[in-house]
Amino acid sequence: MSAGRLRAARRIAVKDLLVERRSRVLVNQVLPFSGLVMVVFAFALGTGGVLERAAPGLMWLAVLFSTLITVQRSFAIETADGALESLRVAGIDPVALFLGKAAALAVELIALITVLLGLAVVLYGAEPRAEGVVLLVTTAISATCGLAALGTIYGGLAAGGPGRETLLPLLILPVAAPVLIGATRGVEAALGTDRTAVSEGWPWVGLLTVFAVAVGVSGALAFGTLIED
Amino acid sequence: MTPTTSPQPTARRATGTRATRVLGIVTLVMLGWLLLFGLVLSPADIDQGDAVRIMYVHVPTVWLAYLAFIVTAVCSGLYLFGRRHSLGFDRVAGASAEIGVVFMALTLISGSLWGRITWGVYWQWDARLTTTALLFVTYIGYLAVRGLEGTRERRARRSAVIGLLAVVEIPLVHWSVRLWRSLHQEATILDTDLDVDIDGLMLFTLFSGVVAFTLLFVWLLLHRTRTIALDDLLASRGLDRAIAERRSEVTSSGSIGGGS
């Protein structure tokens with residue numbers, strides 16, 4: 001990959017993060033929403049052992065729902081004032097655009113996951129263990145990369161015109177199944193939920209990595225076509 | 001709605017030809033044949049009783065749905081990477097996906113009824129069922145993308161990309177769900193050691209079902225592809241007509257403007 005393309009991707013990522021720092025939508029809206037989802041799960045499932053056992057899955061469900069909002073937000077700033085067209089007219093390569101948007105989304109999701117993991121510890125009684133920290137971090141990073149790539153592909157499509165936002169959950173949720181399954185099992189192994197050994201989590205990290213690479217590469221190739229209208 | 005200004009009459013543009021009519025009749029005969037063998041001539045199963053007859057619809061519909069999605073993927077690729085970017089491939093891809101979604105729904109319904117009788121529950125969270133359900137929703141998404149506004153070329157490019165992305169994503173979904181859990185009975189006929197342990201007449205009925213439903217797929221695909229082509233034709237004629245009307249308006253108002 002050329003240095004110019006990487007430089008453009010980095011600038012787009014920095015631009016997105018700067019917009020986020022100034023508007024604080026993630027902090028003021030998405031984070032409270034995801035926290036609320038975690039609380040609402042407790043209402044639905046009741047307190048006691050169920051929450052502790054289901055904590056990893058519930059946390060990743062909250063991440064998935066929040067990803068949908070974050071992706072919408074990420075592309076709403078591009079469609080407003082025709083920013084996406086301006087970027088394309090400026091000659092920004094679609095691959096750089098894809099990588100930049102996905103990288104910014106990944107940074108935002110990592111921040112979100114860190115907070116939600118803390119909430120899972122506080123609200124659901126999930127206890128991290130020292131030997132599972134590396135697995136926990138690797139799972140979170142690989143799952144985030146996959147989600148960010150997936151969100152960017154379909155976010156680009158949904159940003160193409162009015163009324164397309166409702167398509168986003170329909171397109172993302174079925175194909176996000178590997179992330180939800182893999183990340184949940186990975187975090188379960190890291191936390192030792194149901195006496196799972198740490199070693200049982202690594203195959204799931206493998207799955208998450210393959211998913212991130214496959215979706216990332218196909219997304220980089222497809223993004224130009226998806227945003228062209 | 002009929003474009004009366006069009007120089008060509010549209011009444012003759014039906015979707016049927018002699019070939020499709022012959023195919024339709026053969027399909028009907030095969031479906032009748034399947035009913036005869038499936039409901040009357042084939043024996044009831046020792047364990048499952050008459051419930052096994054659901055198999056003669058369930059297996060062909062799932063085969064057909066997968067065939068339809070493969071056709072969609074191949075035609076998406078042919079459209080996107082073909083030299084001429086022929087819209088014909090896009091129409092076949094769209095028509096095939098629609099048929100695939102309908103037959104996947106029938107598969108899920110017949111499968112859950114069969115499951116209720118044999119397993120005691122409508123739904124089992126096993127790998128094949130879960131992947132099938134996710135595949136179904138994925139192609140509903142594909143059809144939703146096809147329904148987005150834009151020119152035919154944009155629709156074709158966009159949906160071809162989504163159709164090909166599904167090819168990358170579906171194996172990953174299947175792999176993850178299979179790792180998650182697998183309870184489904186192994187494929188009886190397509191066993192790797194080719195040791196077919198199914199009654200001869202039941203097997204024959206099953207193959208009759210596969211042939212009948214494959215013919216039905218081809219028949220539906222031909223008609224639906226032609227309907228989409230006619231829809232496109234109607235849309236472009238409608239546009240031509242609107243442009244012609246607007247031009248005539250401009251010409252008449254222009255002459256008034258010029259006179260004042």
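1. In chain B, the charged residue B:R116 sits over the face of B:Y122, and its distance from the ring centre is 5.2 Å. The structure is a predicted model, so read this and every point below as computed from that prediction.

2. A:K101 lies over the face of A:F75, 5.0 Å from the ring centre. A:F75 also belongs to an aromatic cluster, together with A:F98 and A:F223.

3. Over all chains, the search of the whole structure gives 7 aromatic pairs. One pair is formed by B:W33 and B:F204: the ring centres are 6.1 Å apart and the planes stand at 65°, and because planes over 60 degrees apart count as edge-to-face, the pair is put in that class.

4. This pair joins distant parts of chain B. B:W33 belongs to helix α1 (residues 18-41), B:F204 belongs to helix α6 (residues 200-259), and the two are 171 residues apart.

5. A:S66 is in helix α3 (residues 49-79) of chain A. Its relative accessibility is 0%, so A:S66 counts as buried. With neighbours within four places in sequence set aside, A:S66 is in contact with A:V30, A:F33, A:S34 and A:L112.

Conventions:
Residues numbered from 1 in each chain as written. Chains lettered and ligands numbered in written order. Predicted model: local features only at pLDDT ≥ 70, side-chain atom pairs only at ≥ 80, totals over all residues. Heavy atoms only, no water. Phe/Tyr/Trp six-rings, centres within 6.5 Å; stacked < 30°, edge-to-face > 60°. Helix = DSSP H or I, 4+ residues; strand = E, 2+ residues; numbered from the N terminus. Lys NZ or Arg CZ within 6 Å of the ring centre and 35° of its normal. Buried < 20%, exposed > 50% of the residue type's maximum accessible area, 1.4 Å probe, protein only. Contact = heavy atoms within 4.5 Å.
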